[in-house]
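Here is a short briefing on helix packing and the nonpolar core. The structure comes first, then the points by topic.

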Amino acid sequence: MQTPNEPRRTPKHPTELDDVYDFLEEVRLRPGMWVRGSSLLHLESILMGYRVALSAHSVAEDWPFWSPNGQGPFAEWLWQQLGRPSPLGWAVEIERESQATDQQPIDMFFGLFDEYRAEHDQSTR
């Protein structure tokens with residue numbers, strides 16, 4: 001997260017990205033370039049394509065958005081935060097929550113994802 005005193009980060013070339021977390025930082029930097037209309041369903045589709053590419057090229061990467069046994073660690077964490085599970089997925093539920101709070105879905109996603117990462121990073125230490 002950038003603070004007011006930090007210089008604005010410049011975008012990276014896709015070849016400079018190491019993982020999905022780097023990619024999401026690019027989305028955060030310029031969401032309008034990546035996500036049409038701030039729709040998390042579009043972001044979810046992009047991430048699904050990213051995951052398919054990883055599989056096609058046999059690349060192992062920490063992946064919080066899907067797992068063979070369920071919706072993935074991020075969704076499981078989100079259900080705990082919301083106090084309910086959802087078969088519709090994290091993108092739909094965050095968009096619903098954002099409507100209730102008048103917050104942009106993409107902003108809510110990044111706020112929640114930052115919380116998830118902070119907790120996940122602490123628990124893996």
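**Nonpolar core**

The largest nonpolar core holds 27 residues, and those with the most contacts inside it are L24, L43, F65, F74, W90 and F109. Such a core is a set of buried Ala, Val, Leu, Ile, Met, Phe, Trp, Tyr and Cys residues joined through side-chain atoms within 4.5 Å; buried means under 20% relative accessible area (1.4 Å probe, protein chains only). This is a predicted model: local features need pLDDT of at least 70, side-chain atom pairs count only at pLDDT 80 or more, and totals for chains, interfaces and linings use all residues. Residues are numbered from 1 along each chain as its sequence is written, and side-chain values use heavy atoms, without hydrogens and water.

- Helix 1, helix 3, helix 4 (73-82), helix 5 (90-101) and helix 6 (105-123) each supply at least two residues of this core. Helices are DSSP runs (H or I, at least four residues), numbered from the N terminus.
- Helix 6 gives the largest share of this core, seven residues.
- F74 touches P64, F65, W90, I94, F109, L112, F113 and Y116, not counting residues up to four places away in sequence. Contact means heavy atoms within 4.5 Å.

**Helix 1 against helix 3**

- The axes of helix 1 (residues 20-29) and helix 3 (residues 40-56) come within 12 Å and cross at roughly 150°. Axes are lines fitted to C-alpha atoms over the stretch in contact, with angles from 0 to 180 degrees between N-to-C directions.
- Helix 1 is therefore roughly antiparallel to helix 3 (over 145 degrees).
- V20, F23, L24 and V27 of helix 1 meet L43, I46, L47 and Y50 of helix 3.

**S98**

- S98 lies in helix 5 and is buried, with a relative accessible area of 2%.
- Leaving aside neighbours within four places in sequence, S98 contacts Q103, Q104, P105 and M108.

Note on methods
Angles under 35 degrees count as roughly parallel, over 145 as roughly antiparallel, 65 to 115 as roughly perpendicular and the rest as oblique. Buried means under 20% relative accessible area, exposed over 50%, partly exposed in between (1.4 Å probe, protein chains only).
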